[in-house]
Amino acid sequence: MPELLVELFSEEIPARMQRKAAEDLKKAVTNALVDAGLVYEGAKAFVTPRRLALTVTGLPARSPDTREEKKGPRVGSPQQAIDGFLKAAGLASIDQAKVESDPKKGEFYVAHIERKGAEATEILATLLPKVITGFEWPKSMQWGNGGLTWVRPLRAITATFGTDNDEPVVIPFKSNTVASGQTTYGHRFLAPEAIRVKRFDDYVQALEKAKVVLDIDRRKEIIKADADNLAFAQGLSVIHDEGLLEEVAGLVEWPVVMMGSFDPAFLEVPEEVIIATIRANQKCFCLRDASGKLAPNFIIISNQIAEDGGKAIVAGNERVIRARLSDARFFYNTDLALPLEHGLPKLEESIFHAKLGTQFQRVERLVKLSGEIAPKVGADAGQAKRAAMLAKADLVTGMVGEFPELQGVMGRYYALAQGEPAAIANAVSDHYKPLGPTDLVPGEPVAISVALADKLDVLTGFWAIDEKPTGSRDPFALRRAALGVIRIVTDNELTFPLTVEPDLLSFFHDRLKVSLRDAGARHDLVDAVIGKDSNDILEITRRVDALSKLLDSEDGKNLLAGYRRAANILSIEEKKDKRSYNEPVVEEQLKLDEEIGLADAIMKADAAVAAKVAANDYPGAITALATLRQPVDRFFEAVLVNDPDAAVRANRLNLLAKLRDTMRLVADFSKVAG
């Protein structure tokens with residue numbers, strides 16, 4: 001079957017936009033094809049700095065004929081309804097419709113619409129310019145006089161359609177002043193000549209000869225492998241950075257890996273500064289030596305095969321990096337000259353949020369809150385307050401002004417340099433953590449205090465001014481803050497009840513459900529253990545774990561079945577009797593050994609479970625609960641709950657209610673599925 005090849009050749013597309021643009025092109029074209037009746041077998045998109053490309057395979061040569069039956073209004077309907085039907089069905093008059101009857105609805109009009117299929121080339125000539133015109137970029141520009149906006153000026157459009165055996169045809173259309181054809185171009189510097197394009201396989205091979213690697217993922221593989229090999233040959237290893245790798249792969253069509261170096265004297269500057277400087281300014285990778293220390297070398301990804309072996313390119317990058325590292329060293333030494341707290345007054349000039357005050361006011365809240373949290377997490381309150389006071393001080397330093405991503409990191413270096421205890425310095429750095437699902441959480445008590453204070457202040461503050469996340473928006477990263485609190489508490493196994501308003505507590509519950517489900521917990525078990533007032537995150541997670549283990553056992557499955565039977569009986573009888581059965585069990589009215597045994601087992605289990613729950617021993621509580629399995633089984637095998645004697649019946653229903661209440665000490669078993 002025929003194949004479609006489309007290439008949009010332009011000036012350089014920003015690297016950050018490339019991958020999404022390729023997927024957007026694929027989605028837009030394939031959706032339009034399906035809407036037009038052209039069902040395809042496969043499609044794949046590609047991108048380089050100067051081109052978006054798409055191949056669609058298994059396309060039919062024409063769209064199929066279609067027949068559609070469109071039901072209209074009743075016979076005798078107002079003319080307005082009939083006119084609307086005629087317009088929708090594409091009929092000239094009502095005489096072109098047929099009249100059909102229905103026993104219930106009477107006679108009504110029906111249009112049988114037949115549409116002939118169209119040649120695929122005709123369909124493509126219509127839909128491709130619409131896709132290009134309607135293509136959305138984060139930022140666009142307009143050029144020429146054709147009215148088209150595009151990320152960068154389009155220079156050529158390739159659009160061919162045909163089979164492997166035939167000479168493909170060009171899909172004729174024009175965007176702006178650029179007409180479609182079958183001509184593209186190779187590498188801007190290494191092979192800029194025009195290339196005549198036929199079909200995808202020939203296109204890829206021709207580009208390869210013209211020093212263009214079409215697939216961005218293949219360019220990434222080449223860069224990574226060549227960088228690792230070059231580093232290994234020098235006894236070094238690359239500091240891998242997926243974000244940087246994606247970016248540099250979007251900057252080159254023919255990646256060439258080289259190595260440069262810088263003066264080892266710059267290594268007196270913190271390695272995070274050096275890495276950030278080299279990454280931000282030259283898009284280069286840093287290296288480590290065999291001992292794991294930062295090496296005075298870097299990896300350059302060039303888009304050229306230089307005649308001098310890359311000496312000039314390396315030398316140019318070394319000059320720029322030398323200048324940038326000199327600036328970084330100046331910022332670092334300047335910042336070191338003043339104690340961190342000297343920057344605090346400047347925080348009064350920095351607005352955190354219009355309704356929540358300045359960064360300085362936020363620091364004041366953090367100091368107070370950290371001091372209150374400290375004894376609850378085993379931290380020294382004085383150190384926690386000191387750490388909180390310094391936590392945001394590096395925001396006004398020269399280094400963080402240049403590299404905002406180093407906030408906290410630089411604060412730690414400056415705190416250590418001025419003689420602060422390690423616990424305080426580490427808290428300045430770690431209080432931002434965790435920044436993502438794979439990031440480590442702070443583990444030292446002082447850092448935990450400040451990290452919890454930082455996140456709880458953000459959450460309670462934005463909740464107070466009604467700036468809550470919505471389904472599609474979370475501009476203040478409140479979901480991340482809540483998940484951060486959850487991870488800090490659970491990873492450090494902290495008993496830390498949340499004293500927040502109900503609406504915010506409900507938000508924590510939602511985030512905890514997501515976290516537990518992502519970790520593999522059953523959603524019904526999470527719902528079973530979380531009550532509206534549950535404010536102890538660690539308690540909830542332990543209950544979920546213990547309940548999961550119980551219900552995976554044979555005793556647990558049978559106990560759940562017994563609970564359901566008891567709950568169902570209670571529900572039916574309470575509804576019928578229009579009352580609740582929650583009175584104490586009367587021992588004198590227990591007639592059978594099996595009900596006496598169950599009553600005794602419930603009494604013992606209730607006390608044991610309550611004690612274990614109070615001690616946060618949920619595995620112990622579950623073990624105590626599991627002892628009810630056999631007494632429950634024996635009860636339902638031998639005892640008739642609805643005894644003819646009303647007093648005996650009521651007593652047995654109260655016994656089942658006590659069973660239900662005892663099990664609810666651990667979880668709401670009515671929410672357990674299965």
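This is a predicted model: local features need pLDDT of at least 70, side-chain atom pairs count only at pLDDT 80 or more; totals for chains, interfaces and linings use all residues.
Residues are numbered from 1 along each chain as its sequence is written, and side-chain values use heavy atoms, with hydrogens and water left out.

The protein chain contains 23 helices and 20 strands; helices (H or I, at least four residues) and strands (E, at least two) are DSSP runs, numbered from the N terminus. Its C-alpha trace spans about 100 × 95 × 50 Å along the principal axes. The radius of gyration of the protein chain is 36 Å, whereas a compact globule of 674 residues would have one near 26 Å; the radius is taken over C-alpha atoms, and the globule rule is 2.2 Å times the number of residues to the power 0.38. Of the 674 residues, 47% count as buried, where buried means under 20% relative accessible area, exposed over 50%, and partly exposed in between (1.4 Å probe, protein chains only). Among contacts with a separation of 6 or more, 68% join residues 24 or more positions apart, a contact being heavy atoms within 4.5 Å.

On a 1 Å grid over the protein atoms alone, a cavity is a set of points where a 1.4 Å probe fits but cannot get out, and a pocket is an open set with protein on both sides within 12 Å along at least five of seven lines; lining residues have an atom within 4 Å of a point. Grid points are joined across faces, edges and corners, and a volume is the space filled by probe spheres set on the points.

The largest pocket holds about 910 Å³ of space. Its lining comprises 35 residues, and Glu-405, Gln-407, Tyr-432, Leu-435 and Arg-480 lie nearest its centre. Elements that each supply at least two lining residues include helix H7 (271-282), helix H14 (445-464) and helix H15 (478-491). By class, this lining has 21 nonpolar, 3 polar and 11 charged residues; Ala, Val, Leu, Ile, Met, Phe, Trp, Tyr, Cys and Pro count as nonpolar, Asp, Glu, Lys and Arg as charged, and the others, Gly among them, as polar.

The largest cavity has a volume of about 30 Å³. Val-6, Leu-8, Leu-25, Val-29, Leu-128, Val-131 and Ile-132 line this cavity, and two or more of its lining residues come from each of strand S1 (3-10), helix H1 (15-35) and helix H3 (120-133). The lining has 7 nonpolar, no polar and no charged residues.

Helix H21 (residues 618-626) is largely enclosed by the rest of the structure, because 7 of its 9 residues are buried. The buried residues of H21 pack against helices H18 (537-551), H19 (554-577), H20 (593-614), H22 (629-638) and H23 (646-663).

Lys-355 lies between strand S19 (351-353) and strand S20 (357-358) and is exposed, with a relative accessible area of 58%. Lys-283, in the loop between H7 and S17, has a positive phi of about 55 degrees although it is not a glycine. Lys-211 likewise has a positive phi, near 65 degrees, and is found between helix H4 (200-209) and helix H5 (216-233). Finally, a cis peptide bond with omega about -5 degrees joins Lys-433 and Pro-434.
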